[in-house]
Amino acid sequence: MEFNVKKLASDAGVFFSRAMQFTEEKLGQAEKTELDAHFENLLARADCTKNWTEKILRQTEVLLQPNPSARVEEFLYEKLDRKVPSRVTNGELLAQYMTEAANDFGPGTPYGKTLIKVGETQRRLGAAEREFIHSASINFLTPLRNFLEGDWRTISKERRILQNRRLDLDACKARLKKAKAAEAKAACEGDLWSDEVEKAEHELRLTQTEFDRQAEVTRLLLEGISSTHVNHLRCLHEFVESQTNYYAQCYQFMLDLQKQLGSSKGEIFSGTFVGNAESASPAAATSPPAVAAATLPAVPTIPVVPTIVGVPNTVAEGVLNPNEVKPPASGTRRARVLYDYEAADSTELALLADEMITVYSLPGMDPDWLIGERGNQKGKVPVTYLELLS
């Protein structure tokens with residue numbers, strides 16, 4: 001017990017000495033040992049790395065999980081060293097609602113079929129989002145968090161020790177200075193003050209050695225920030241790659257869905273673009289589709305080319321060369337392009353959103369397609385990408 005009391009008293013004395021030295025430095029009444037410029041640059045770069053890493057980490061967490069309550073929950077599970085429970089993404093939840101709605105409305109109805117298709121795409125988008133979040137958390141967030149909770153804490157601890165060693169060193173310098181000044185004033189007590197000077201010089205040598213050793217340890221840790229930057233750069237590349245794959249998947253899923261919906265829309269309105277050809281026969285005029293069409297609002301129709309000179313069977317056989325097709329003498333329509341479209345082959349015409357083209361239909365053509373012309377260019381274009389103008 002006696003040893004503990006002495007140690008406590010010694011520690012209290014050291015703490016008081018450091019506090020006095022720190023206060024006097026702040027008041028400008030004591031000298032302060034300055035670190036070299038290179039060391040100060042290392043300290044500034046370390047602080048900059050820590051501050052920006054924290055900001056990037058927090059904002060990336062917001063990007064991956066916008067819900068603050070969910071972020072707090074994940075933080076608590078992480079601190080308790082427990083596995084975070086699986087959470088349904090917004091896309092997967094929307095897919096569930098759409099599927100249930102389709103079952104209530106009737107999966108065989110046009111609306112029900114479309115709900116099922118869109119719901120399936122939303123489910124795939126949600127699964128892709130889950131995979132992206134998992135990949136980004138492992139490859140990007142975890143290394144940043146490990147730096148802040150591991151390397152940076154070690155650096156901060158060693159910097160505090162270095163600060164204490166510097167205060168001890170400056171306090172010893174102050175004591176030696178006072179001892180020498182007192183020795184010069186009291187020449188008659190030279191022996192007494194000579195012992196005090198020697199004691200102060202011995203303490204100064206010890207504290208200087210400890211300070212130099214701690215400064216070297218801290219310097220090595222600070223120079224390791226360069227390796228941290230290299231590691232974070234690699235993690236950043238992996239994050240960008242994961243994000244690129246995620247958005248590429250989403251883009252492909254939506255393209256597939258757009259094609260499916262375009263095909264369905266073509267089936268629903270298939271009689272619209274060839275209705276003028278079918279209405280030529282009395283049987284077609286009295287058929288149920290014709291009766292249903294008669295109850296719908298009037299829709300602009302596309303004229304049909306009656307014949308194709310020189311290639312009578314190309315359309316019927318499913319092989320169409322747009323360059324051999326001649327437009328009708330009259331009745332072609334203008335259309336505005338709604339979305340960009342990339343031609344799949346030489347028989348199709350690439351489209352740019354908001355441009356104007358001329359369109360017309362051919363006998364036996366797929367109702368989802370029209371012939372489009374833009375200047376000297378000609379090719380098939382999808383109906384769903386156009387707005388027909390009256």
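Colleague: In which helix does Tyr 97 lie?

Modeller: Tyr 97 is part of helix 4, which covers residues 90-105. The model is a predicted one.

Colleague: What makes the nonpolar surface patch that includes Tyr 97?

Modeller: The patch is made by Val 88, Leu 93 and Tyr 97, and its area is about 290 Å². Nonpolar side chains are joined into a patch within 5 Å, and each member must have over 30% relative accessible area and no salt bridge. Val 88, Leu 93 and Tyr 97 therefore count as meeting these conditions.

Colleague: Why is Gln 122 called buried?

Modeller: Its relative accessibility is 16%. The term buried applies under 20%, so Gln 122 qualifies. Gln 122 is located in helix 5, residues 110-185.

Colleague: Which residues is Gln 122 in contact with, leaving aside its neighbours within four places in sequence?

Modeller: They are Gly 91, Glu 92, Leu 94, Ala 95 and Met 98. A contact requires heavy atoms within 4.5 Å, so each of these residues has a heavy atom within that distance of Gln 122.

Colleague: What is known of Ser 135 in helix 5?

Modeller: Ser 135, also a residue of helix 5, has contacts with Phe 140 and Ser 242, once neighbours within four places in sequence are left aside. The C-alpha atom of Ser 135 is 7.8 Å from that of Phe 239, although 104 residues separate the two along the chain.

Colleague: How much of the protein counts as buried, and what share of contacts join residues at least 24 apart?

Modeller: Of the 390 residues, 32% count as buried. Among contacts between residues at least 6 apart in sequence, 71% join residues at least 24 apart. The accessible surface comes to about 24600 Å², and carbon and sulfur atoms account for 57% of that area.

Colleague: How many helices and strands does the protein have, and what is the order of the open sheet?

Modeller: There are ten helices and five strands. The open sheet has five strands in the order 4-3-2-1-5, with antiparallel pairing.

Colleague: Why do strand 4 and strand 5 stand at the edges?

Modeller: Strand 4 (377-382) and strand 5 (386-388) each have a single partner strand, so one side of each lacks a neighbour in the sheet. On average, neighbouring strands of this sheet are turned by 40° against each other, direction ignored.

Colleague: How many bridges join strand 3 to strand 4?

Modeller: Six bridges join these antiparallel strands, and Leu 370 stands opposite Val 381 in strand 4. Their hairpin has two residues between the strands, and Gly 375 takes a positive phi near 65° there.

Colleague: What phi does Asp 354 have, and why is Asp 354 called exposed?

Modeller: Asp 354 has a positive phi of about 75° although it is not a glycine. Most residues other than glycine have a negative phi. Asp 354 lies in the loop between strand 1 (333-337) and strand 2. The relative accessible area of Asp 354 is 53%; exposed means over 50%, so the term applies to Asp 354.

Note on methods:
Residues are numbered from 1 along each chain as its sequence is written. This is a predicted model: local features need pLDDT of at least 70, side-chain atom pairs count only at pLDDT 80 or more; totals for chains, interfaces and linings use all residues. Side-chain values use heavy atoms; hydrogens and water are left out. Patches are made of residues with over 30% relative accessible area and no salt bridge: like charges are joined within 9 Å, nonpolar side chains (Val, Leu, Ile, Met, Phe, Trp, Tyr) within 5 Å. Accessible areas come from the Shrake-Rupley method with a 1.4 Å probe; for residues, only the protein chains shown count as cover. A salt bridge is a side-chain nitrogen of Lys or Arg within 4 Å of a carboxyl oxygen of Asp or Glu. Helices (H or I, at least four residues) and strands (E, at least two) are DSSP runs, numbered from the N terminus. Buried means under 20% relative accessible area, exposed over 50%, partly exposed in between (1.4 Å probe, protein chains only). Two strands pair if DSSP finds at least two bridges between them. Axes are lines fitted to C-alpha atoms, for helices over the stretch in contact, and angles run from 0 to 180 degrees between N-to-C directions.
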